[in-house]
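Please examine the structure shown below before reading on.

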Amino acid sequence: MSLSLHRQDTAASGSAVVENPRRLVDTIFRIREFGIIAVLVGFVAITTALQHRFLEAQNVKFILLDATIFALLALGETMVVVSREVDLSVGSVLGISAYISANLFGQFHGIPIPLVFAVGIAIGVVCGTVNGAITAVGRVPSLVVTLATLYIIRGIDVLIVGGGQVVVSSLPDSFVAIGQSTLAGIPDVTIAVAVLIAAGAYYLRSFRSGRELYAIGSNPEAARLAGIPTAKRIFTSFVLSGAIAGLAGVVWAAYYGTVDSTAGTGYELTVVSAVVVGGVAIFGGSGSVVGAAFGALLLETINTALYVLGISAFWDQAIAGFLLICAITLDHGITLTLTSALRRRSPRGA
Amino acid sequence: MAREVGAQALPGVAGDSEAELYVPGEKSTRTSGMLTGQSSGTVAKPSGAGRLRGLLRWESGLVLCVVAVLVLGISVSPAFLSSSNLLNMGLSNGEISIMALPMTLVVISGEIDLSVASTLGLSSSMIGYLWLHGWPMPGIIVTVLVMGLVLGGVNGILVTRFGLPSLAVTIGTLTLYQGVGIIVLGSTTVSNFPARYTNIGINAFPHTDLSWSTVIFLVLAVVFGVLLHATKVGRSIFAIGANREAAIYAGMRVKRIKTGLFVLSGVVCALAGVLYTFRLSTAEYDNGTGLELNVVAIVLLGGVSIFGGKGTMIGVVLSALVFAAIQNALFLTSFPQEALGVVIGALLLASVLAPKGGELLDRVRHALGSVRSPT
């Protein structure tokens with residue numbers, strides 16, 4: 001979030017803002033925001049130069065569709081991570097929501113699609129409420145709590161599903177079409193998720209409660225002493241993350257059509273990777289949902305690009321891992337530069 | 001509200017200092033944070049006896065757990081305690097239990113290593129690759145162990161010398177090491193290992209009913225237990241995890257010790273990879289995928305604090321036993337084995353909630369009270 005910390009810092013150092021370091025800070029944030037986009041554009045440019053088929057409509061559609069689900073999950077995850085928590089249960093929530101919602105079509109013939117979406121989101125809200133309540137009220141680390149709910153929710157999913165599965169033929173055509181229809185070559189789902197991400201970005205940037213998530217992530221204790229209802233905010237971020245994972249489950253079901261008890265297994269670490277590659281600090285306090293979405297898009301683009309280039313798909317894991325480590329290192333470097341820039345600035349501000 | 005804020009500010013806590021420095025036990029112990037913050041056990045009860053009591057309570061809880069699972073196991077099947085079942089139990093959980101041992105040290109020092117399963121997988125790929133290229137098995141094993149040392153070293157250097165958060169770094173190396181494994185072996189499956197070696201993976205250790213992996217686990221548990229609880233290095237590990245700054249000021253070689261722990265983790269996970277490959281007599285690129293969270297679960301269930309600075313080796317050994325026995329007992333019943341997660345997850349939640357049960361009850365009561373009589 002290009003403005004996030006900057007605003008906070010302006011507030012912290014009072015009205016006496018010195019022009020030069022401020023520009024420096026802005027520039028750094030611009031690097032942070034543009035870094036990921038530059039890598040993405042560079043990657044697409046090189047790949048397209050080598051293989052023209054890369055930007056074919058069909059290919060772009062697949063990349064966008066695959067990235068959409070991770071970008072959606074990354075939206076919820078970002079809200080949790082900026083407040084210095086983590087939600088590892090998103091993959092399990094996606095799985096259980098995908099199965100239960102898709103199964104509704106078989107159980108209740110002619111059930112309206114919006115109701116199915118509502119059920120999926122409701123399942124996510126329930127899971128998020130459990131995560132949030134235990135983390136915020138119990139004051140126990142979210143890493144442990146959501147690791148536990150990752151197991152529990154997946155276990156419940158397995159108990160419900162058993163060996164069964166929902167197959168695409170049991171789903172109404174209009175539901176399956178959700179994952180297929182496009183507007184000017186861009187999948188409808190992607191557009192809808194982009195709107196959601198924009199809304200999320202606006203919320204984190206401009207709403208008081210959104211700003212407070214950054215404050216909590218920067219320094220939980222200071223945030224609490226400043227009168228921010230930290231427990232309430234953290235609780236809400238988990239509920240939101242759960243709701244979004246529930247929604248992602250329904251989208252997943254529409255896109256893939258076949259749902260069994262393994263849907264979304266292992267997604268949690270990919271989502272956290274996307275968020276971190278997108279420039280969200282793992283220990284909270286900075287980063288944006290837009291960056292996280294681009295992180296998801298970048299990971300997906302790399303997968304497809306390697307495939308299109310005829311580089312063995314065996315390489316993408318390693319390249320993704322390498323990129324992730326580069327992103328973390330770069331992010332750390334930027335943070336250090338920023339901190340020293342702020343330190344230089346503060347005596348004059350006071 | 002104003003009254004509350006004032007009361008919370010009383011301990012004289014500076015707003016911008018590290019959360020680790022706060023006085024716990026007060027309302028100000030806000031432990032929001034994944035790996036930072038304060039576990040109320042470490043400083044809340046400065047008296048050694050109080051702390052010991054708290055730890056003992058968790059370990060005795062685990063002992064009760066073990067007993068309960070044993071009773072359950074015996075009641076569902078008379079074969080539960082048979083020697084062949086004991087062997088099975090050790091075989092199916094040997095590798096993750098072994099990986100939990102160095103993980104315990106890493107977590108107590110305040111870090112985490114999520115790349116353990118990928119290290120296992122990569123060593124399995126390497127074994128397959130080198131075997132295809134005609135290397136002798138002893139040479140392969142040595143090479144793989146050295147590779148584990150390097151992989152752990154990379155984690156350690158990134159965490160200590162670059163100052164990066166281990167949670168993020170090891171998610172990165174999780175993907176990277178797995179990716180390298182895929183490059184090394186591709187879609188090839190190697191399974192023509194001589195029986196002399198694969199027997200190690202499935203047979204009992206000579207003169208016992210225990211699997212090789214169980215024996216190695218027990219030996220390593222004793223070694224690591226002594227290292228952690230009876231040496232200077234072990235005390236340093238606790239000190240670093242409890243308060244890193246203080247440990248640095250006390251002259252401890254924080255970076256060196258942490259790097260050492262990551263290296264140890266790498267080597268032990270590579271060894272687990274050897275055992276895993278022999279047990280399945282197969283080297284494949286996706287061996288061990290996803291096991292990292294099981295390993296973390298065993299460590300946390302063993303009463304090790306995710307914030308570092310707290311935990312015992314005996315707790316983790318008991319926890320590994322509970323983990324293996326529950327899985328085995330459920331396997332013998334008609335209960336779907338995949339739903340094991342519900343039990344493990346519940347135990348995991350209990351492991352973090354139980355130690356703060358009383359505190360929690362007070363808080364809920366307080367919250368309810370303030371709802372009823374708003375001031």
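## Helices α4 and α11 of chain A

In this predicted model, helix α4 (residues 90-107) of chain A packs against helix α11 (residues 230-256) of chain A at an angle of about 50°, and their axes are 7 Å apart. Because of this angle, α4(A) is oblique to α11(A). Axes are lines fitted to C-alpha atoms, for helices over the stretch in contact, and angles run from 0 to 180 degrees between N-to-C directions. Angles under 35 degrees count as roughly parallel, over 145 as roughly antiparallel, 65 to 115 as roughly perpendicular, and the rest as oblique. Helices (H or I, at least four residues) and strands (E, at least two) are DSSP runs numbered from the N terminus.

The crossing of α4(A) past α11(A) is right-handed, a term used if the near helix is turned clockwise from the far one by less than a right angle. Residues of α4(A) that take part include A:V90, A:L94 and A:A98; among those they meet in α11(A) are A:G242, A:A245 and A:W252. The residues of this contact comprise 10 nonpolar, seven polar and no charged. Here Ala, Val, Leu, Ile, Met, Phe, Trp, Tyr, Cys and Pro count as nonpolar, Asp, Glu, Lys and Arg as charged, and the others, Gly among them, as polar.

## Helices α8 and α12 of chain B

In chain B, the axes of helix α8 (residues 195-202) and helix α12 (residues 254-280) come within 7 Å and cross at roughly 105°. α8(B) is therefore roughly perpendicular to α12(B). On the α8(B) side, B:Y197, B:T198, B:I200, B:G201 and B:I202 meet B:L275, B:F278 and B:R279 of α12(B). Five of the residues in this contact are nonpolar, two are polar and one is charged.

## Chain B as a whole

Chain B contains 16 helices and zero strands. Of its 375 residues, 51% count as buried, that is, 20 or more other C-beta atoms, placed from the backbone, lie within 10 Å of the residue's own.

## The interface between the chains

55 residues of chain B are in contact (C-beta atoms, placed from the backbone, within 7 Å) with 52 residues of chain A. The elements of chain B that give two or more residues to this side are α1 (2-9), α7 (166-185), α13 (292-301) and α15 (340-353). The largest share, 14 residues, comes from α7(B). The side of chain B that touches chain A has 36 nonpolar, 16 polar and three charged residues.

## Conventions

Residues are numbered from 1 along each chain as its sequence is written, while chains are lettered from A and ligands numbered from 1 in the order in which they are written. In this predicted model, local features need pLDDT of at least 70 and side-chain atom pairs count only at pLDDT 80 or more, whereas totals for chains, interfaces and linings use all residues.

Conventions
Two residues are in contact if their C-beta atoms, placed from the backbone, lie within 7 Å. A residue is buried if 20 or more other C-beta atoms lie within 10 Å of its own, exposed if 12 or fewer, and partly exposed in between; C-beta atoms are placed from the backbone.
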